[in-house]
Amino acid sequence: MRFWALVFLGLAVICAIFGYSGASGEATEGIARILATVFAMLCVLTLAIQMMNK
């Protein structure tokens with residue numbers, strides 16, 4: 001479970017870098033920002049589920 005939280009966190013960081021770097025197009029930045037938010041939420045959710053199961 002902790003593995004998936006790290007995977008989602010890594011994906012969120014990568015998407016945030018693409019979303020806020022300004023190197024890609026405007027449409028790509030919007031999608032990357034949305035994906036960064038989704039992956040960050042999934043990371044928090046997996047950590048919360050792990051804490052509830054203990």
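R33 and E29 join their side chains in a salt bridge, with 3.9 Å from N to O. This is a predicted model. A search of the whole structure finds one salt bridge. The two partners sit four residues apart in helix α2, so about one helical turn separates them. In general, an α-helix has 3.6 residues a turn, so residues three or four places apart point the same way.

E29 has a relative accessible area of 9%. That is under the 20% cut-off, so E29 counts as buried. R33 has 32% relative accessibility and counts as partly exposed.

## Helix α2 and its cover

Helix α2 runs over residues 26-53 and has 28 residues. From first C-alpha to last, α2 reaches 41 Å.

Which residues of α2 are buried? They are E29, A32, A36, F39, C43, T46 and Q50. Helix α1, residues 2-21, is included in what covers the buried residues of α2.

## T46: a buried threonine

T46 lies in helix α2. Its relative accessibility is 11%, so T46 counts as buried. Where does the T46 side chain reach? It reaches the backbone oxygen of C43, at 2.8 Å.

Leaving out residues up to four places away, T46 touches M1, A5 and F8. Of the elements that cover the buried residues of α2, one is α1 (2-21).

## V44: an exposed position

V44 is also placed in helix α2. Is V44 buried or exposed? V44 is exposed, at a relative accessible area of 56%. The cut-off for exposed is over 50%, which is why V44 falls in that class.

V44 and L9 are 35 residues apart in sequence. Their C-alpha atoms are 8.7 Å apart in space.

## Nonpolar surface patch

L9 is also part of a nonpolar patch on the surface. The patch is formed by L6, L9, V13 and I17. Together, these residues have about 380 Å² of accessible area.

L6, one of the patch residues, has its place in helix α1. L6 is exposed, with a relative accessible area of 57%.

Notes
Residues are numbered from 1 along each chain as its sequence is written. This is a predicted model: local features need pLDDT of at least 70, side-chain atom pairs count only at pLDDT 80 or more; totals for chains, interfaces and linings use all residues. Side-chain values use heavy atoms; hydrogens and water are left out. Helices (H or I, at least four residues) and strands (E, at least two) are DSSP runs, numbered from the N terminus. The expected span of a helix is 1.5 Å times one less than its number of residues. Buried means under 20% relative accessible area, exposed over 50%, partly exposed in between (1.4 Å probe, protein chains only). Contact means heavy atoms within 4.5 Å. A polar contact is a pair of N or O atoms within 3.5 Å; within protein, one must be able to donate a hydrogen and the other to accept it, and residues adjacent in sequence count only if both atoms are side-chain atoms. Patches are made of residues with over 30% relative accessible area and no salt bridge: like charges are joined within 9 Å, nonpolar side chains (Val, Leu, Ile, Met, Phe, Trp, Tyr) within 5 Å. Accessible areas come from the Shrake-Rupley method with a 1.4 Å probe; for residues, only the protein chains shown count as cover. A salt bridge is a side-chain nitrogen of Lys or Arg within 4 Å of a carboxyl oxygen of Asp or Glu.
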